[in-house]
Amino acid sequence: MTSAARPPSATITDPDHIPVLLNEVVEGLALKDGGRYVDGTFGAGGYTVAMLNAAQCTVWAVDRDPEALERGKVLSEAFPGRLHLLPGRFGDLADLLLEQGINAIDGLALDLGISSMQVDDRSRGFSFLRDGPLDMRMEKTGMSAADAVNTLPESDLADIIKRYGEERHARRVAHAIVRARKNRPFSRTIHLADTIRAEVRRSLDGIDPATRTFQALRIFVNDELGELERGLSGAERLLSEHGRLAVVSFHSLEDRIVKTFIRDRSGRSPNPSRHRPAANDGRKVATFEMVNARASTPAKREVRDNPRARSARLRVAERTAIPPLTSVKGDVA
Ligand SMILES: C[S@@+](CC[C@H](N)C(=O)[O-])C[C@H]1O[C@@H](n2cnc3c(N)ncnc32)[C@H](O)[C@@H]1O
């Protein structure tokens with residue numbers, strides 16, 4: 001952070017969304033005046049506003065949800081010339097930025113998953129607690145959750161529910177879905193949630209049995225893990241030397257991908273990529289340095305004030321001068 005003159009501060013676009021690990025992310029990015037940063041998951045603009053207030057920098061804010069960026073237009077006016085809203089996916093970051101004439105950045109923040117606005121808006125169909133259309137598409141295009149449960153073969157549904165929801169009873173849930181859809185195709189969240197609840201009992205920790213299947217369908221419909229992998233490769237290609245990558249994840253599937261990527265790219269993986277060349281002295285070539293060896297987690301107070309922060313984990317890494325290991329298309333070079 002620097003002491004340069006600050007712009008008038010603006011607030012985020014939805015007071016109900018509390019940014020998670022905000023101070024830690026801003027600190028992790030080590031923002032500098034004149035720097036070029038990307039908030040890959042704009043949401044309510046919590047990180048973006050904090051980044052713009054922390055330094056006299058420019059931020060490109062990306063979101064695949066058209067509603068999030070529509071709400072964000074007021075912030076562009078509060079930071080004239082310093083905030084650029086980019087509709088699209090962070091998995092396509094290199095292309096999105098190239099269209100803006102940008103081929104290098106000083107920092108990238110990713111706050112994975114969905115926002116409170118998306119969960120709370122029943123018309124988006126993310127919540128198993130509020131009835132709404134069974135949709136779950138962040139972009140509002142492509143295959144919806146209803147399309148998936150009404151058309152996929154039972155074995156595919158079971159795989160998705162197992163892999164992305166880590167649901168022990170995935171086969172039973174998939175079977176129940178296929179049985180139910182023969183009588184009445186799914187179109188509402190509550191129909192799906194009740195079908196799952198009739199099949200799987202509430203666990204001792206009180207978690208709603210629909211939680212894991214809803215998570216699985218959301219990840220599948222939005223290809224969230226594929227996006228994350230492409231986003232991390234993009235960060236490797238776009239970040240300048242000393243540029244920082246800060247990623248907040250909310251479940252073990254995401255955190256595993258981030259942790260493995262950073263470990264591998266910083267040469268600390270026990271089984272490094274077979275594509276990684278070794279330096280002349282035998283040391284592993286590292287495109288990143290780990291900034292926090294262990295993931296940062298929210299303090300008790302943050303979790304008390306914002307239960308959504310409960311499972312958050314932040315990992316930060318700094319780009320070295322070594323050329324990226326992936327080509328522009330994301331293939332290993
Ligand atoms: C947890 S919220 C981010 C909240 C934000 N950090 C804030 O402080 O307001 C995640 C946002 O990222 C968006 N998103 C998720 N995956 C994305 C992707 N692959 N590309 C672009 N945006 C994505 C969602 O639409 C949502 O608005």
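Predicted model: local features only at pLDDT ≥ 70, side-chain atom pairs only at ≥ 80, totals over all residues.
Residues are numbered from 1 along each chain as its sequence is written, and side-chain values use heavy atoms, leaving out hydrogens and water. Local features need pLDDT of at least 70, side-chain atom pairs count only at pLDDT 80 or more, and totals for chains, interfaces and linings use all residues.

Start with helix H1, residues 22-29. Helices (H or I, at least four residues) and strands (E, at least two) are DSSP runs, numbered from the N terminus. The buried residues of H1 are Val 25, Val 26, Gly 28 and Leu 29; buried means under 20% relative accessible area, exposed over 50%, with a 1.4 Å probe and protein chains only. Seen down the axis of H1, these residues fall within an arc of 160 degrees, so they line one face of the helix. The arc is that of the directions from the helix axis to the C-beta atoms. On the face turned away from the buried side are the exposed residues Asn 23 and Glu 27. Just after H1, Ala 30 has a positive phi of about 45 degrees.

Next comes Asn 292, in the loop between strand S6 (288-290) and helix H13 (300-305). Asn 292 is buried, with a relative accessible area of 15%. Not counting residues up to four places away in sequence, Asn 292 touches Leu 314, Arg 315 and Val 316, where contact means heavy atoms within 4.5 Å.

The backbone oxygen of Ile 322 lies 2.8 Å from a polar atom of the Arg 319 side chain.

How values were computed. Polar contact = N/O pair within 3.5 Å; in protein donor to acceptor, adjacent residues only side chain to side chain.
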